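Welcome to this tour. Have your viewer ready, and we will go from stop to stop, with something to select at each one.

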Amino acid sequence: MTDYAISRNPTNGEEIARYPLLNSGELENALRRSADAFSQWRYSAMDLRVKVLRQLGEQIRLRETELSRMITLEMGKPIVQARAEVLKCASLCDWYAENGPAMLADQPTQVADAWQRFRPLGVILAVMPWNFPLWQVLRGAVSMLLAGNTYLLKHAPNVMGSATLMAELFDATDLPAGGFNLINVDNDGVSAAIKDDRIAAVAVTGSVRAGAAIAAQAGAALKKTVLELGGSDPFIVLADADLDEAVKSAVVGRFQNTGQVCMAAKRFIVEAPVAEAFEKRFTEAVQALMMGDPLDEKTFLGPMARTDLRDELDQQVQATLREGARLVLGGEKVAGQGNFYAPTILSDVTSEMTAFQQELFGPVAAIAVARDPQHALAIANDSEFGLSATVWTANGEIADQLALQLEVGAVFINGNGASDPRVTIGGVKKSGYGRELSHFGVHEFCNVQTVWKNRR
C-alpha cells in the first residue's frame, strides 16, 4: 500500500506526478469544509447558483487547451475527443444555468393548499472513474450544486491532475470554499467518509464490484446512492437497416475513447441476411482507424489508460477465442511503448462466451448472428447488464417493439448512443440504479418536501 496516487502517461509509461493521500486529520478537515460550505450554500439564492454555473462554464472555456491536454496525458484520450469532452462540460453548465431553476421551482399538487419543494440533502460524496475525467464528474456535480448540495470528489488515482484542475475551476467562481472539494484517499478513506454523519448521500460511477461495495456501506449507514456501473450494450442490426450508416455508427460507438466507455456498443447482434456484409464493411472501417500518439490531431485510437486494464482485456479476448470465437482482426497487445491494444473484432460469438458475458472495456467488438428480430432481442437481453442498446432498422414498428422489450435504461434507434443534459441516463440490472442528467438527475439528490397548509 502506497501513501500517494500516481498519474502516469499511458502513451510512454512515464510518471507525470504523485499526489499524497490524505491522512485522517486532513480527511476530517475536508469533511468539515464541505459541511461548512453546505450550511451557506443550502440557503443561497438561485440567482447566485446560476451565476456560479455560468462562471464555471466560462472558466472551462478559458482553460480548454490545458484541460484537454491533461486528459490526454493522464489517460490517453485522443486530443480531439478530449477537447470535445471539455467543451461538452461547458455546454452542460450553460444548459443547467438556463433550464435548471425551473426544475427546482415549487410544484403544485392536486391539493389546493399543498405543494412540493425540492430541498438539498447535504454533502454528496462522489466516487468517480478515469475514462471521462471531467464529464463524469461535472454531469453530476453541476446538478447537485444547483440544487444546493455541496460536492466531495474522490477521483480515480490516475487522473488526479485533471481532478486538481477541476478544483481550480471552482475556486475561480463564487461557490463558497469547500462547495466543491477534492479528497485523495484509498478505500479505507472512502469507507470512513461514508460512515461520517456529514455525508448525506453517495454517487458512484465505476465497476460493478466497486458499486456493490460502496452501496453496501452506504446502505448500512442509511444513505442514498446512485450507481452508474458497467455495461455490455447490444447493438442490433436488422436485415433492412441502412448498412452504411449502421457501420459508421458501430465504429464510433465501439472505438471512441479507445473503447473505454460504459454506455457504448459492445455486443453486435446482426440479423443473418446481412451478417457477412456488415462484418466485411465494419472490418474495413476499423482497419482504417489511425492508432498512435493521442496528442496527434489525426489519431482516433490512443493507448488504454492502464497496463493492468490492457492485460485484463487481452485475457478476455484469448478466453473468447478458446471458447470458439473467430478472430477477424487484431487480438493482441501492440509491441513497444505504451498501453496500446490492436483494434479487435471477434465473430461467431455466442451468449455463453466471455466476450458476451463480461464487459469488454477497450477496443474490442464481438459479433453474433441472429436468426430474426426476436432472436436478436433474446441475445441482447441475455446479459447481467442493462445500460443502453442500439437498434438499426427501417421498420419503425419493429424498432418500437424492440425498445419496449429491451432491458436497458436507454434505447437509441438508427443513431449513435449519447449522453445529453436534456435527457436522462442510467441503467438497470447490474448496470446500476438512479438517474443522471435532465430534471431526474437534479431531483435524485433532493429532499422532495411536501408543504401542506390549513390541513384540517
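This is a predicted model: local features need pLDDT of at least 70, side-chain atom pairs count only at pLDDT 80 or more; totals for chains, interfaces and linings use all residues.

Which residues line the largest cavity? Select Arg139, Gly140, Ser143, Met144, Val226, Arg435, Glu436, Leu437, Gly441 and Phe445, and you have its lining. Residues are numbered from 1 along each chain as its sequence is written, and side-chain values use heavy atoms, with hydrogens and water left out.

**Stop 1: the cavities**

Rolling a probe the size of a water molecule over the atoms shows where empty space is left. Here the search runs on a 1 Å grid over the protein atoms alone: a cavity is a set of points where a 1.4 Å probe fits but cannot get out, a pocket is an open set with protein on both sides within 12 Å along at least five of seven lines, and lining residues have an atom within 4 Å of a point. Grid points are joined across faces, edges and corners, and a volume is the space filled by probe spheres set on the points.

Two cavities of 30 Å³ or more are counted this way. The largest cavity holds about 50 Å³ of space. Colour α5 (135–146) next: with four residues, α5 gives the most to that cavity's lining. Helices (H or I, at least four residues) and strands (E, at least two) are DSSP runs, numbered from the N terminus. By class, the lining has four nonpolar, three polar and three charged residues; Ala, Val, Leu, Ile, Met, Phe, Trp, Tyr, Cys and Pro count as nonpolar, Asp, Glu, Lys and Arg as charged, and the others, Gly among them, as polar.

Now move to the second largest cavity, with about 40 Å³ of space. It has 14 lining residues, and those closest to its centre are Pro234, Arg267, Phe385, Gly386 and Val408. β10, α13 (373–381) and β15 (385–386) each give two or more residues to this lining.

**Stop 2: a pocket between domains**

Select Phe132, Gln256, Val261, Gly417 and Ala418: of 35 lining residues, these are the closest to the centre of the second largest pocket. About 590 Å³ of space lies there. The lining counts 16 nonpolar, 13 polar and six charged residues.

Where does this pocket lie relative to the domains? Colour domain 1 (4–229 + 430–452) and domain 2 (233–420) separately: both give residues to the lining, so the pocket lies between them. The domain bounds come from an automatic or database domain assignment.

**Stop 3**

Two strands pair if DSSP finds at least two bridges between them. β3 and β4 (residues 114–120) are joined over two bridges; zoom in on Gln107 to find Gln116 of β4 opposite.

**Last stop: the whole chain**

Zoom out to the protein chain, with its 15 helices and 20 strands. Along its principal axes the C-alpha trace spans about 65 × 60 × 40 Å.
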